[in-house]
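Open the model in your viewer and follow the stops below. Each stop says what to select and what is there.

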Amino acid sequence: MRNVPFWPAPAKLNLMLHVVGRRADGYHELQTVFQLIDLCDRLEIRVREEGVISRPDGPPGVAEDADLTVRAARALQQVTGCRAGAEIRIHKRIPMGGGLGGGSSDAATVLVALNQMWETGLDSGQIAAIGAKLGADVPVFVAGRSAWAEGIGEKLAPVKLGAESWYVVLFPAVAVPTAAVFQAPELTRNSPPTTMRGFLETGGRNDCEPVVRARFPAVAEALDWLGRHAPARLTGTGSCVFAKFSRAADAERVAARVPDTWRAWVARGLDESPLLEELGRWGVAKW
């Protein structure tokens, strides 16, 4: 077993999000396009021989036992019977409650990293199955590729969206609880099913955006501000909003004008996760 100084955990954008139905178990049937971006958390993971899972540094306000990274490590232990432990330190850049998938990505990185560090030998499908029980977005980060997704987000088909896409991402200093949005009575749940080709032709939409606009004025303000510079959209259930640019310079120009009350990033679109690059350093062929 060897330790790696830092493992990357990239954020994602939902370029579209259609809610096409609701299942008997309460989960929603979705169609979405996951675009990975190069805004990343960094995880420092060290193997502990005595089997203890600890997270001395992590997001403020998140108890260790509630942290998805700790739950991910313990789930991997339970499935594989591994007797080793781990110490996890999370260096956050992805805002919490922003719809960028930071918690899910951190959990996926822990699963993928510890599978190598503990030498537990699971393949990507087995890891994704563990991750899906932690959160619907975890499998896409395990797979490590931008993707067209259906079901509750677990049915994935890799897509190439082009690495030369640049995004201005705004965080309007408010966290949006995903459960509240999906439980909202005004959320439409009957979008006609579409295809990846349909998305490329029309651009799709985010069915959650009207709900979040009405309930969170700060998000509506951010959408309106960014929309004056380029077509703007909510990612996931929010609260982050984004706009796409073909040149980094154009994105930087808009980001420089963002009001000081908001956080802003210029992020490059990725077809493949930097997590796959780290696996390559371990001699693991891309899955």
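At what angle do helix α2 and helix α3 pack? Select residues 102-117 for α2 and residues 124-132 for α3. This is a predicted model. The angle is about 135°, and the axes lie 10 Å apart. The two helices are therefore oblique to each other. The crossing of α2 past α3 is right-handed. Now show side chains at the contact. On α2, pick L111, V112 and N115. On α3, pick I127, I130 and G131.

Next, the aromatic rings. A pair of rings is described by the distance of the centres and the angle of the planes. The structure holds 3 aromatic pairs. Select Y167 and F242, one of these pairs. Y167 sits in strand β7 (residues 166-171) and F242 in strand β9 (residues 241-245). The pair links parts of the chain 75 residues apart. Buried or exposed? Y167 has 1% relative accessibility, so Y167 counts as buried. F242 is buried too, with a relative accessible area of 5%.

Move to W225 and W262. This pair is also edge-to-face, at 6.2 Å centre to centre and 80° between the planes. W225 belongs to helix α8 (residues 217-227), while W262 is in the loop between α9 (248-255) and β10 (263-270), so the pair ties together parts 37 residues apart in sequence. Both W225 and W262 are buried.

Last stop: select R42 and F6. What sits over the ring of F6? The charged end of R42 does, 4.0 Å from the ring centre.

Notes. Residues numbered from 1 in each chain as written. Predicted model: local features only at pLDDT ≥ 70, side-chain atom pairs only at ≥ 80, totals over all residues. Heavy atoms only, no water. Phe/Tyr/Trp six-rings, centres within 6.5 Å; stacked < 30°, edge-to-face > 60°. Helix = DSSP H or I, 4+ residues; strand = E, 2+ residues; numbered from the N terminus. Buried < 20%, exposed > 50% of the residue type's maximum accessible area, 1.4 Å probe, protein only. Lys NZ or Arg CZ within 6 Å of the ring centre and 35° of its normal. Axes fitted to C-alpha atoms, helices over the stretch in contact; angles between N-to-C directions. Parallel < 35°, antiparallel > 145°, perpendicular 65-115°, else oblique. Left-handed = near helix turned anticlockwise from the far one by under 90°. Contact = heavy atoms within 4.5 Å.
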